[in-house]
Structures are given as C-alpha cells and as structure tokens.
Amino acid sequence: MKWLWRHVPLTSWRSWRRWTQVAFLLLFLWLFRRTEDSGGGMVSGWEGLFFRMDPLVAGGAMLAAKAFLWVMWPALILLALTAVLGRFFCGWICPLGTLLDGFHWMISPVARWANRINRGWVRSLRGVRYALLIVVLLGAAMALPVVGWLDPLALLTRGLAFWVDPAINRGASDGSLWLLDHGPEWVSRYSEPTYGFLRENALPFAQKAYLLAAVAAGMLGAVFLLELVARRFWCKYVCPLGAMLGVAGRWARIQRVPSRVCGTCKAKADCGQSCRMDAFDGDRKLVREDCTLCMDCVSACPTGLARFRKAPKAAPAAVQLSRRAFVGSMAAGVAVPAVAYALRLPKGSGPGATMLRPPGSGGEADFLNQCIRCGECLKVCPTNALQPVWFEAGVNG
C-alpha cells in the first residue's frame, strides 16, 4: 500500500499516524478472524474489543437497556481521551477510516476531479451527522435499535462477515482446485502449500453463506463509493459516531496552533484545501469537531509553525446544526420508533416458532433492543443455521 509511506519521512507525525492506522486495522482484522467457530471451543470474548470501545454502541445499548453496562467500560476511556485530545479515534484508530483512506488513494485521479466539483455544495451537509446521532440515540431510548445500521464498525463487520469473507474463501478454494486440476504440475507444488497456509491462518474455518449478503455488501459499498463525492464523505457528513466524538472533543486541550490557516504563508492552500476532513471553515479557521488529528497540515507546514499542543481554553464555534434541523431530528427520533412500534403490533412480540436466536441472547425484547446487527453471532455459528431476516419478527427484528 504505497499510500502509507509515499514521500513521507519516517520520523514525521504523519508517518506515525499512518503506521498506527495500519496496526489498528491489522488488530481489527485479526480479531475479526478469531471471531468464528474453529472446532476448538468458545471464543475468549475480547474479539469484540472494538465494539466495546465504541461510544455510539455503548450509548445505544445502555439507553435501550435502561441500565449502565460495565462491559462497555472501554468506551468511557475513549470518551475521556477524546475530551483531552480531540477526535483522534477517526484519524488514528477507526478501521473503516483507514480503509477509506486507502481506497481514496486507489481512485485518487478520479476522486480528486470529482471532489473539486462537489466541494462547494457538500459542505452544507455538515449537520446531517448530528441529526442522525439524535435519531440513533432517541431511537435506542424508545426501543428502536437503528445504531447497527449507522455505526461504522457494525457496517464494516457485517459487510466483511456476510459478503467479503465468504467470497474470499470461495475464491481461494475454487482457485486452488482449478490450479490443481488444470495448472502445470510445478505450479501446484507451490499453490497447494500456499493454500494450506492460508487455510490455517487467514481464511475462514468453513465456507458459509448468508441471506441478505447483498444488502450488507451494498451498504458497505455505498460508504466507499461516496469517496467519489468527497474525500471521507462518510466521516464528514454521515457518521454518527464521528459526530459524538466531535462533540466530546469540542473543548479538547490539545489543539492545532495556529487555529487558522496562516494568511502570509505561501503554502496556505496545502493546509486549507488539502485537509482530508475539510476542517477549515469559510474564514479558514479550524473547526475542532471536524479535525481528526491526521497531522497532514503539520507535516506539510514549510516553516514548522503548525503543530498540535496544549492550548488555552476557548469557546468553540457553534455546532453545525441549525435550530430547525435540531427540532426536526428530535421529532424524527420520536416519530420513527412510534411508527415502527405500530407496524410491529400485528406481528406480535415473539420471534415465532420458526425463528432462531443466538444462545444466551436472553429475552426477546432485550435482544431486539440491544442487538446492533453486526453479524458476529452469525459468523461464530458452527452450522451456519443463524441467518438475518427481514420482518419475520416485526420491524425491530
């Protein structure tokens, strides 16, 4: 992945950020691989580490359960660090953000042209993420769990589990068989040991297939295709987790200095125009909740003036959500659960005789309210019997 180190000194902050992104992405993928039944017993439980440190998942689960869930304590640590450092999770840790950066580099010739065209009108969408955050939290409080459809980690995990993982496994298996049957003998001497190594260390333990795999793939694919509209479009305009972390980091003491693009700097376009999060407003001032501490502006500063350090307390700018949008979001957060509840009434509250639930899921109401639809329980099912459904258990199901 050439984008990791191209033209960047090893000692720069930007290099540290890129290598940290790769490290956390590899950790996420390793935990994802461990989240499956391999015939050797139960998983340890820490395979869900990224979900436990996700404040949006934690907030949704606690509001739905009407109780404090101690298992989500890593999310409190992340919120505390965000209050000090700012929205660093999105720039340094989030695996979906890392994949979006890599994808953007792959399509950069087209993306740069499209981003320049769309740059003006997309900025007006800043308030959408806050509106979605309100809808998600109110929905959780009113027993309509929509967090799994908008949380970035749930979107990524579900897409990988339902579609990417089975496709890769099928492709590797079919490719190995084809080479064994039709390829030269000398190729088979290398391909078979390679496939055996991948089977042991990288590929799923068993080939599985899931209903609604196309839906999960389409939702995840849409997140990546939005890169053609604007760089990190999902992170800037849609992601409710990013909105929550942005709000938590509005008063962070670690801030960029100077807070504006330097008016006398010849490279000011490199700071303001090249920011992946478009975090500088119309007055060329940094908007704190948009900055993910990617350090690009620090590494690109020709004078070394730009840096992140402890800054004096200052009142942040107003949240980019109009009063009308706030009221509308509150109304939607109340109305959507009410409509969903009314639609669920004719179907009853039980899962039905033909429905399966994961072992240990508890009562039906608690299960439906707290499940984030990440698909990990389906991934660990040894028989591939657990499957996603549409409305067989009502709108919540």
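In which loop is Leu293 found? Select the loop between helix 15 and helix 16 (296–300); helices here are DSSP runs of H or I with at least four residues, strands are E runs of at least two, and both are numbered from the N terminus. Leu293 has a positive phi of about 55 degrees, although it is not a glycine. Leu293 counts as buried at 9% relative accessibility, where buried means under 20% relative accessible area, exposed over 50% and partly exposed in between, with a 1.4 Å probe and protein chains only.

The model is predicted: local features need pLDDT of at least 70, side-chain atom pairs count only at pLDDT 80 or more, and totals for chains, interfaces and linings use all residues. Residues are numbered from 1 along each chain as its sequence is written, and side-chain values use heavy atoms, with hydrogens and water left out.

Next, colour by pLDDT, the predictor's confidence in each residue, from 0 to 100. The protein chain averages 81, and 80% of the residues score at least 70. Confidence is lowest in helix 15 (residues 268–272), at a mean of 60, and highest in helix 5 (residues 88–92), at 94. Over residues 1–8 the pLDDT is below 50, and this stretch has 18 contacts in the model beyond near neighbours in sequence; a contact means heavy atoms within 4.5 Å. Where pLDDT is low, the predicted coordinates should not be read in detail.

Select Arg373, in the loop between helix 18 (364–370) and helix 19 (376–380). Arg373 is a residue other than glycine with a positive phi, near 60 degrees. Its relative accessible area is 16%, so Arg373 is buried.

Now go to Val257 and Pro258, which are joined by a cis peptide bond with omega about -5 degrees. Pro258 sits in the loop between strand 1 (254–257) and helix 15.

Then show the largest nonpolar core, which has 71 residues. Such a core is a set of buried Ala, Val, Leu, Ile, Met, Phe, Trp, Tyr and Cys residues joined through side-chain atoms within 4.5 Å. Phe89, Leu96 and Trp234 have the most contacts inside it. Helix 10 (residues 152–182) gives the most to this core, with 7 residues.

Centre on Leu96. Apart from neighbours within four places in sequence, Leu96 is in contact with Pro152, Leu156, Leu220, Val223, Phe224 and Trp234.

Finish with helix 6 (residues 95–106), which has 12 residues. From first C-alpha to last, helix 6 reaches 17 Å, close to the 16 Å expected at 1.5 Å a residue; the expected span is 1.5 Å times one less than the number of residues. Buried residues in helix 6 include Pro95, Leu96, Gly97 and His104.
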